[in-house]
Amino acid sequence: QSPDGRRLEGLSKQLDWDVRKIQRWFRQRRNQDKPSTLRKFCESMWRFTFYFSIFFYGIRFLWTAPWFWDTRQCWYNYPFQPLTSRLYYYYILELAFYWSLMFSQFTDIKRKDFLIMFVHHLATIGLITFSYMNNMVRVGTLVLCLHDASDFLLEAAKLANYAKYQRLCDAFFMLFGVVFIVTRLGIYPFWILNTTLFESWELIGPYPSWWLFNGLLVTLQVLHIIWSYLIVRTAYKALVRGKVSKDDRSDVESSSEEEDVTCSSTKGALSSSSNGSNRINGHVAAGQWTEE
């Protein structure tokens, strides 16, 4: 798909074409396999619709829940805590969605963070299932709502990018970055992990599944740190260049214009971007916000 300079020169002699023309042919052939903007838009629209709806459903439900304001309430009378119908449907919807992401990940547009996302989906499904079976649904709802808070902003940024509203895309992405870092590196460790690691130990003691439960939650925190680094790096590039650039997790072919410039600067030697151009989650041309 991407022949080196030596191979290009050999083809040039065989076909009596100049190297630039051969590079352009290979680029056009690779671009035929790129996912269409419509397909990426539909993927992001589906996720945006779910994240937006489930987040505000969760906020409305948790606003009147006592454990939303006092996390120690998550452990009072444990495990004899009632499971209301609203709480049940909230859990089942989230579980069904993450199972769908687990399977669709193999058919959706491929991204560089495929392995990280696979681990994330496994940990999430394990946590939702485990907490439901052990009636830890109160603290589980806090974890779910916290994670949904930033996800719909990311999808909104991608939608704006695909629609070519660059300023709106940049604004959504910056807002997403702030919300993500505040919730995942601030609220999550000091609010969620604090109650699962320390308050639960104090109120109900080290129950048998304590280590597994908290191990999965800490795994999520490690993933949060990795993603925060990628977000900060993208934001830094945006400040330097004046607009949001490609997502470091994206893995898509460079645009024709970008590669033409690259080709001329390397005097005919093939040069392709390792990241592609662009979806914090989809994928596009340099200087645009892309996929996860």
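I looked up the pairing of Glu 202 with Arg 72 in this predicted model and found a salt bridge (a side-chain nitrogen of Lys or Arg within 4 Å of a carboxyl oxygen of Asp or Glu), the closest N and O atoms being 3.3 Å apart. Glu 202 lies in helix H8 (residues 166-204) and Arg 72 in the loop between H4 and H5, so the pair ties together parts that are 130 residues apart in sequence; I took helices as DSSP runs of H or I with at least four residues, numbered from the N terminus.

For exposure I used relative accessible area with a 1.4 Å probe and protein chains only, where buried is under 20%, exposed over 50% and partly exposed in between. Glu 202 is exposed at 55%, while Arg 72 is partly exposed at 24%.

I then turned to helix H3 (residues 37-62), where Glu 43 and Arg 47 are four residues apart, about one helical turn; their side chains form a salt bridge at 3.7 Å, N to O, and both residues are buried.

In helix H7, I noted Lys 158 and Glu 155 three residues apart, with a salt bridge of 3.0 Å, N to O. Lys 158 is buried at 0% relative accessibility, and Glu 155 is buried at 0% as well. Salt bridges with shared partners join Glu 43, Arg 47, Glu 155 and Lys 158 into one network. My search of the whole structure gave five salt bridges.

I number residues from 1 along each chain as its sequence is written. Local features need pLDDT of at least 70 and side-chain atom pairs 80 or more, whereas totals for chains, interfaces and linings use all residues, and side-chain values use heavy atoms, without hydrogens and water.

Methods
Helix = DSSP H or I, 4+ residues; strand = E, 2+ residues; numbered from the N terminus.
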